[in-house]
Number of protein chains: 4
Amino acid sequence: MPIRAVVWGENVHDRENAIVKGLYPDGMHQCIADSLNASSGIEATTATLEQPEHGLPQARLDETDVLLWWGHKVHGDVDDAIVERVAARVWQGMGICILHSGHFSKIFKRLMGTPCSLTWREAGETERVWTVNPTHPIARGIAPWFDIEQSEMYGEPFAIPEPLETVFISWFEGGEVFRSGVTYKRGAGRIFYFAPGHEVYPIYHQESVQQVLRNAVTWAAADAPAWADIEDAPNRPVDKAPQPISEKGPRLHAAGEAGYR
Amino acid sequence: MPIRAVVWGENVHDRENAIVKGLYPDGMHQCIADSLNASSGIEATTATLEQPEHGLPQARLDETDVLLWWGHKVHGDVDDAIVERVAARVWQGMGICILHSGHFSKIFKRLMGTPCSLTWREAGETERVWTVNPTHPIARGIAPWFDIEQSEMYGEPFAIPEPLETVFISWFEGGEVFRSGVTYKRGAGRIFYFAPGHEVYPIYHQESVQQVLRNAVTWAAADAPAWADIEDAPNRPVDKAPQPISEKGPRLHAAGEAGYR
Amino acid sequence: MPIRAVVWGENVHDRENAIVKGLYPDGMHQCIADSLNASSGIEATTATLEQPEHGLPQARLDETDVLLWWGHKVHGDVDDAIVERVAARVWQGMGICILHSGHFSKIFKRLMGTPCSLTWREAGETERVWTVNPTHPIARGIAPWFDIEQSEMYGEPFAIPEPLETVFISWFEGGEVFRSGVTYKRGAGRIFYFAPGHEVYPIYHQESVQQVLRNAVTWAAADAPAWADIEDAPNRPVDKAPQPISEKGPRLHAAGEAGYR
Amino acid sequence: MPIRAVVWGENVHDRENAIVKGLYPDGMHQCIADSLNASSGIEATTATLEQPEHGLPQARLDETDVLLWWGHKVHGDVDDAIVERVAARVWQGMGICILHSGHFSKIFKRLMGTPCSLTWREAGETERVWTVNPTHPIARGIAPWFDIEQSEMYGEPFAIPEPLETVFISWFEGGEVFRSGVTYKRGAGRIFYFAPGHEVYPIYHQESVQQVLRNAVTWAAADAPAWADIEDAPNRPVDKAPQPISEKGPRLHAAGEAGYR
C-alpha cells in the first residue's frame, strides 16, 4: 500500500504574490504533491488553510501517514484546536515534515517545546546543502552537496532541541551556516525539518529538493500500528500488577478512580 | 551568590487532605524549600497556585535561577499565560525541576512536546531508585540505589522525548520499571524530571530525595547570562552579512521589515 | 532479497557444558539462526570461533547485512584483526546485534568506546522485560512486558554511552534494573544490544526473545549502499572547492600528498 | 583548587618545520598551556611524545583533571598501552579536549568507536566559527561568530557518533561546513573536540580560540570523585540482592567466581 501523504499549504502568497504565483501556478503545495507522486510508493494529496478545518478533519488525519507543512505569513491564523489535533496524530505515529518558514509554525513549536527562532536574510544568495549523514534514509541518492542557486538565508543559532540525528547542514554565500535537515521523534511520530523552500525562488522545482522530500516521506511513515492510547495514563491496580503485591499504607484515590490531569 | 530557587506548590492536597496535612503541616513546597535551604549554596522560597499570578510575577521569575514544580490535582487551573511566561524564562536559562505528578503539568508537557503519560498504581509499594549515571552532578553523594519504602508506582512507557541523559531508573515491588530521573535542555534552560514524591507518603522528608533535589538545583542553575532574545528572529541584512554579498533576484520583504511569525 | 544474517557463536559452553548442550544440542548460534529463518525476510547462517578466521573472512562479511554476536568465556581469544574487520564493516553499514555476555566482547567495547561493565548475579531469577519505546521497529509485536522465567541478572550502572534510543528496560526479581535493549549508530552501521540470553537457561527458545531478534535484524539491515570509503580522509584541492578560492599563505603538505593518519 | 590541565603535544612539526617553529618557538603545547594559565582557575603543564611514557605516566594522569591532545604527523607512534591508559582515565572522569588533527589520533578514535574521517584542504582560507549553542559553558564569552583568517578546511561528512551537544559549526571560504565543536561523555569523562588549530597558521595565538579552550577545560573538569572501578563487573550474590531471593535452577559459575571478560 502506498504511503498516504498530505501536503498542507498556507496558500496565501501562492495566490497573492505575483512572483510566487508565477513560479507555482497551482500553489506550492500542489508542486510538492506532484513531485511526491512521482514516486510509486507515495500517494500525495493537498490541504490548505482556507478549507474547512484547514483541510484537516480528524477522519482525514486518521488516514494520513505523513503530513508536510508549509506556512509562513499567517501562522497565527491556524486554529489551535487543529494544531492539537495534528500533534495528537503525530504522537500516535503520523510522520510530519516541516518545511522552511514552518520553523515558526504553531505545530513545530508545539512539538519542539522551544522558540525555533533563527536569523534570516532575503538576498537571493546561494545555499549549499551538505549531507553530513550520507547513509541516513533521508539522504538516499543525495550527493555529498547540492546547491540552491537562490535561497533565503536561515542562520544559527537555531533554537531547537538537540536533534535525534542531523542529516544536512547548509552553507550560505553571505557567510552563515544552518542545521537545515534535522530529525526528531515525539511519541510514535517521526519529525523532519527541512530548511530550503523560500517561496519567491523555484526551490521545490529542483530535483534534489524533491528527492529529499520523497525520502523524508518514506522515512517518516510509521512502520507500526498507531499508538492510539498514548495520551492515556492507565491505572494498573494491585490485582493486575505483574508481581503479586498487597496494598499498604494510605492512599489518595478511590479504587477505579481516574488519575488527575 | 547563592542560587535562587523557587519551589512552586499546587497547595491543594496540602490543605484539604488530612494525611498530606499531617505529613507536611506547612505544605510540601515548604518542606522542599527547607531541605534546599540546608545547602549554603541555595536560597529557596515558595510560591503557590492560589497567590496572585500563582506567585510567579515576571519580576520574580526574572530573579529566579531554578524553579521546582509540584502539581497534581488541578493542573488545568494553572493560567496558560503563566505557563508561557515560565516556558519563556526556561528558554532564557532558568532551570526547572519537575516533580512527580508534575509529569502531567502544563509546563512539562509544553517543554517536552509529548503527552508525558505513564501507568500508575497507588499501593504504598517499595520503589528502589537506581543510579545509572553515577558521576552525573545530580547523583553526587547518592548511593548505587536507595529505597523509598512507600511510593506510588509510575511505570513505562513514559511518553517523553529521548532524554539528554538518564540519571535514575526505578524498580517497583509490583513489577514495573520507570525512568525516574531524566534531563533535557530547551533553549538555554536545563530541565530535570524526578518521579518520586507522592503526597500521601513522607517522601520529601527522606534524606536521599532531598539530596537529589539539592543536586538538581545546583546542576540546573544557569552558568551563563540569560539568552534574553532567544525568541527573536533577527534579520541580518546584506550590508551586515559576514561575507560581502550583493542582493540578487526577487524578494518578499521590504528592507527593514520584520519577518512573519 | 532477504536480509543476509550471520549468527556468530563462541561455541565453547555449547560443547563443553552439559546443561548448555542439553538446551542447545546444535549450539546456541544454530538455535538463533533457526528462529531467524522462521521469517521469510531473513536468511540466516552461522559462524563460530573455532573456524578459520572465526568463520568471518572478508568476503563473507562483505555479503552480510546483519551480524549477531554471542560470546562469553573466551572474548580474549577473538583475533584483534577480525575485530577490526568487523568494526570496519559496521562503519560501512553492516548492522550488528550484540547478545547478552557480548557486552564484554572486543567488538562491542570497540564500537562503544567505553568499558561496557555492569553488575551480575546468576540465580535463575525472573527477568521482566519492559517495552519503553513501543512503536520502535524492534518492539513490533512485543507486549508491554514479557517475563523470562529464569535469567541471569545484569544490573546498572551499565557503562555504555547514552543510547540513541532505549527500547527495553528490565526488572529483576532480586531488585535490580537494567537497560536491556539499546540502539546506536556508528558510521553507517546500526547497533542493537539485547541483554537476555544466559546459556544455562532456554532463553533463545522463547518466542518473544526470538521475535525481538527478528525485529532487530530487520531494523539493523542497511537501507543504503555501503559507505565503502568511510575510513578515507580525501583531500579536496583548491581547484575542486565548491566555491572558487585561491591558495593563500604557507602550507605543510605538497600538492597531491595524502594526509597523515 | 585550580583545575590541573596537561597539554599533550606531538612536538614534531614544532621542531622540524620552520614555519611552525617561527609561530610557536616553544612548541604549540607551550603556547596552549600559557593561554590556559592566563585563567586563575587553571594550572596547565605540558607533555610530549618524545618523553618517557610520552610524558603521561599513570601517576601524572591520576592527578590530571583535563588532558588536551594535539597530534598530527605520527599518530601511529603513540604507544597503544598509553592510549589505553588515557582512555581508562577518561572513563574514570578525566576530561579530554581533542584538538584539530587529533581527530585521527588513536585516543579519539578509541573513545568514539568510529573512523573520525573528514575531508580537508590546506589553502589558508578563512574559517568562520558559528556558535550554535550560545549558552553552553564552552561558548561563554564567545561571539555569535568569529573568523580564523587562515585555516585548514575540515569538511563534512565527519564520521563521528551523533554528538551529545553541538556547540560550534564552521563555515569555510571554499564552500564547506564542519561540526567544529562537539561534546561527548564516555563513562564519567567529558570529551570536547575542537577543529581549528592547523600548525602553519597562528591559530592558538588568537584570543577567541584561547577562550574556547579555557572554557572547555573548565567544562571538562570532573565535578565528581573518580569512578575508579568503572571497568569492574562486580558480582552481587544472592545474599546481597536488594530484594530477598533464593537461588533457582542451574548455574555456570561457582560461588565467588569472577565473571568472564
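Q: How do I read the contacts in chain A, and what share of those with a separation of 6 or more joins residues 24 or more positions apart?
A: A contact means heavy atoms within 4.5 Å. In chain A, 70% of the contacts with a separation of 6 or more are between residues 24 or more positions apart.

Q: Before we go on, what kind of model is this?
A: This is a predicted model, where local features need pLDDT of at least 70, side-chain atom pairs count only at pLDDT 80 or more, and totals for chains, interfaces and linings use all residues. Residues are numbered from 1 along each chain as its sequence is written, chains are lettered from A and ligands numbered from 1 in the order in which they are written, and side-chain values use heavy atoms, leaving out hydrogens and water.

Q: How many helices and strands does chain A have?
A: Take DSSP runs: helices are H or I with at least four residues, strands are E with at least two, numbered from the N terminus. For chain A that gives seven helices and nine strands. Its C-alpha atoms fill a box of roughly 70 × 40 × 35 Å along the principal axes.

Q: And what relates chain D to chain C?
A: Copies get superposed by least squares on C-alpha atoms of residues with pLDDT of at least 70 in both. Here, a rotation of 180° with 0.0 Å of shift along its axis puts chain D on chain C, RMSD 0.0 Å. That's the relation of a two-fold axis. The same surface serves both copies, as 100% of the contact residues of chain D recur in chain C.

Q: Which residue of chain D comes closest to the rotation axis?
A: Gly113(D), with its C-alpha at 2.7 Å.
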